[in-house]
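The model is shown first, and the text then works through it.

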Amino acid sequence: MNEIKQQSVAYYPGCALEGSGHAYDRSTRAVAEALGLGLVEVENWNCCGAMEVKNIDPKLQTYLSSRVMSIAKEEMGFDQVMAPCNGCYHNLKKAEYDLANDEESVEVTERLSEKAGHATYKAGGIETIHALDWIKNTIGEDGLSKRIKKSLKDVKIANYYGCMYTRPRHIFPEKDQGPGSESTSQPHFMDDLLAAAGADIVDYPLKTACCGGAHTLSDSDTSTKLVVNLLRAAEAVGADVIATECPTCHSGLEMHQVRAEKVHDIKTDVKIVYFTQLLGLALGLSPRKVGLHENISDSLGFFKQKGLA
Amino acid sequence: MPIHEKQLIRPENLVTHDELVIDGVDVSGHWSTFIESRVVTDYNEDMETEIAALPGGEHIHRCWQCGSCTNACTVNALNERFNPRFWIYLIRTGMEEELLRDKDIIWQCVSCNKCTYACPRDVNPEGVMKATSHWLELKGHTEKSPSMHFDEEFAAQVFKTGKIEEGRIIRGFFKRTNQALMQDWLVEMVKRLVRHLPVKLLFMMGMANLARPKTRGWGGAEAAVNEYVAEREASNRKALGLDKEPTT
């Protein structure tokens, strides 16, 4: 048990991965199994606050995120919590920063945790990592390329990281630390991993541009414009696929690709696929196993044609 | 006060005479274009303090108007009227009437945080945009924005159950904003979504709609969060002078 725990991380899927991002949850678990990495789901986790609760009150978001870290650390004894969702990852990182630097956030979190009846999370208790960090740091590019069964060699991929993985920079103190670390202006972890899986990575200038995810429904026209930009730019640089690592970005791109077509008569054909689905296919998993059929963007025919499905 | 803000020049105040001769010099046409002067007297001296009292607005005083935020802004690239630097200027100088000219677009900030990333003074312009939209709503200058309706629907579910269920959020949001759920593109999206899905998964999704997902052991947190929210709402209103404490 102890040995398993050392190789495992606490897994925080978050609400989106139980709903529209279910394919991301499914492919993350499938890839973990294929790579022999342990995932133990955080017990009784709650919503991190996403992009909405902070607009009611930012300190509530800090509390919500701290509760997840408190359970993973105090009740389950983990040193790392892994969140594949950019929103969850960002909010846990933000809470970590605020609890280390802002007294008022500490006071509010203490007060709410005490009333709610669980241990108060203290800054420095647990390290939050993204699914990208998790695979990059445990398996790495070399380890990954050794395990590849079907190379992605004919697949042209634009890697799209969105906003919350790198901004604002102060909540990611481990990034921009020179060679080997992630960059906030030119993130490359997904590029590195998919390149190790054989993919033909295209130079995508909009990798950290915004998809308008915060206003997907409340300001749909803005979101559609931003998404059309992203899709057209990917096609302009020759990408077959946009690889995603965030369920909000992913479903935003899928939804507004459909909306652009139906409402504005703008048709684009680039496929939208989670990076874990791409890795899964390269590791020899079936399309069903990585949840390709759960995507709105239909990529099954494309991957069959490439001999990957 | 000299005008040093291009945006303060209103198009309707630009005057050009087709035929004009001054001291024997012909300045007809664009040679005679001038800006009609106007006097601003109704400065709102409390505006900066009030917006700074709302969450996100705390560091507005640090701004030195470099414009990095507007330069980096996602929404500004789509609509040049969306100008965070200018709004911060208006708030800090108390030019309420000028700010109100843009009251219906400030909420459109997409929270991409490119401004926060670019800002050399840690103003947190994204937070200032949220605080300003809040201020406009609380002061009654604008209706609740669609974005605020969405945030409230979302937060209410999280506070109640610890989690959200997306289908319920979408229905709740469309109901709050009086929109039809059966929009063409949404129907098309759902059609494409269910195309390959096995019956078992569809059944599970249906169940998630009926049996609301809930975080076990959330009860204590729900009470604590609700108490805190009420407290914050009261203190925000007080900071804006909306609820004067009863004088005894």
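Two residues are in contact if their C-beta atoms, placed from the backbone, lie within 7 Å. Helices (H or I, at least four residues) and strands (E, at least two) are DSSP runs, numbered from the N terminus. The model is predicted: local features need pLDDT of at least 70, side-chain atom pairs count only at pLDDT 80 or more, and totals for chains, interfaces and linings use all residues. Residues are numbered from 1 along each chain as its sequence is written, while chains are lettered from A and ligands numbered from 1 in the order in which they are written.

**Helix pair in chain A**

A:Lys59, A:Thr62, A:Tyr63, A:Ser66 and A:Ser70 in H4(A) meet A:Ser105, A:Val108, A:Thr109, A:Leu112 and A:Ser113 in H6(A). By class, this contact of H4(A) with H6(A) has three nonpolar, six polar and one charged residues. Here Ala, Val, Leu, Ile, Met, Phe, Trp, Tyr, Cys and Pro count as nonpolar, Asp, Glu, Lys and Arg as charged, and the others, Gly among them, as polar. The axes of H4 (residues 58-75) and H6 (residues 103-116) of chain A come within 9 Å and cross at roughly 60°. Axes are lines fitted to C-alpha atoms, for helices over the stretch in contact, and angles run from 0 to 180 degrees between N-to-C directions.

**Domains of chain A**

An automatic or database domain assignment supplies the domain bounds. Chain A is divided into domain 1 (2-130) and domain 2 (149-305). The contact between them takes 22 residues from domain 1 of chain A and 26 residues from domain 2 of chain A. On the domain 1 side, helix H2 (22-35) and helix H5 (86-101) of chain A are the elements that give two or more residues. H2(A) gives the most to that side, with nine residues.

**Chains A and B**

The contact takes 49 residues from chain B and 45 residues from chain A. On the chain B side, the largest share, eight residues, comes from H11(B).

The two sides whose classes are known compare as follows.

**A loop residue in chain B**

B:Arg81 is found in the loop between helix H2 (68-72) and helix H3 (84-93) of chain B. Not counting residues up to four places away in sequence, B:Arg81 touches B:Asp102 and B:Ile105.
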